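Trainee: I have a model open and want to learn how to read it. Where do I begin?

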Amino acid sequence: KKGDLERVVAFLHSDPGARTQAEIARCLVMLKNFQFLEPYSDEQRRQLAGIAIYTRFSRGQVLFNQEDKPDALYIVVAGKVSLHKT
């Protein structure tokens, strides 16, 4: 829903160090809607909510390369991502 998207984006724009427990709890409710996060405990999702940030990328911008070591988890809130095997 549009309202949910706006709340997620507003939350992700906030400073992770300044987030209240109530804000994190609201984010946890939204994170439960992501099926790929189901195997994770509430504590693990709470940790994710505590450090998640919003980042906007330009069209055509490379987020990572195949050989890069993983250092982030990207959740696409809006737009599209293309994957290319090298």
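Mentor: Begin with what counts as a helix. Helices are DSSP runs of H or I with at least four residues, numbered from the N terminus. Take Val8 as a case: Val8 lies in helix α1. Keep in mind that this is a predicted model.

Trainee: How many helices and strands does the chain have?

Mentor: The count is three helices and zero strands. Along the sequence, the pattern reads α-α-α. The C-alpha trace spans about 40 × 25 × 25 Å along its principal axes.

Trainee: Back to Val8. Which residues does Val8 touch?

Mentor: Leave out residues up to four places away in sequence, and Val8 touches Met30 and Val77. Distance along the chain is another thing to check. Val8 and Cys27 are 19 residues apart along the chain, yet their C-alpha atoms are separated by 7.2 Å. For the whole chain, take the contacts with a separation of 6 or more: residues 24 or more positions apart account for 50% of them.

Trainee: Why does Val8 count as partly exposed?

Mentor: Use the cut-offs: buried is under 20% relative accessible area, exposed is over 50%, and partly exposed is in between. Val8 is at 22% relative accessibility, so Val8 counts as partly exposed. Across the chain, 15% of the 86 residues count as buried.

Trainee: Which residues make up the largest nonpolar core?

Mentor: A core is built from buried nonpolar residues joined through side-chain atoms. Here the largest one has nine residues: Phe11, Leu12, Ile24, Cys27, Leu28, Leu31, Leu37, Ala49 and Ala52. Helices α1 (2–13) and α2 each supply at least two of its residues. The most come from α2, which gives four. Look at Leu31 in particular. Beyond its sequence neighbors up to four places away, Leu31 touches Leu37, Arg45, Leu48 and Ala49.

Trainee: Now charges. How many salt bridges does a search of the whole structure find?

Mentor: The general idea is that side chains of opposite charge can pair when their charged atoms come close. The search finds two salt bridges. In one, Asp42 pairs with Lys32, and the closest N and O atoms are 3.7 Å apart. That pair links distant parts of the chain: Asp42 sits in helix α3, while Lys32 is in the loop between α2 (21–31) and α3, 10 residues apart. In the other, the side chains of Asp42 and Arg45 meet at 2.5 Å, N to O. Both of these residues lie in helix α3, three residues apart, about one turn of the helix.

Technical notes:
Residues are numbered from 1 along each chain as its sequence is written. This is a predicted model: local features need pLDDT of at least 70, side-chain atom pairs count only at pLDDT 80 or more; totals for chains, interfaces and linings use all residues. Side-chain values use heavy atoms; hydrogens and water are left out. A salt bridge is a side-chain nitrogen of Lys or Arg within 4 Å of a carboxyl oxygen of Asp or Glu. A nonpolar core is a set of buried Ala, Val, Leu, Ile, Met, Phe, Trp, Tyr and Cys residues joined through side-chain atoms within 4.5 Å. Buried means under 20% relative accessible area, exposed over 50%, partly exposed in between (1.4 Å probe, protein chains only). Contact means heavy atoms within 4.5 Å.
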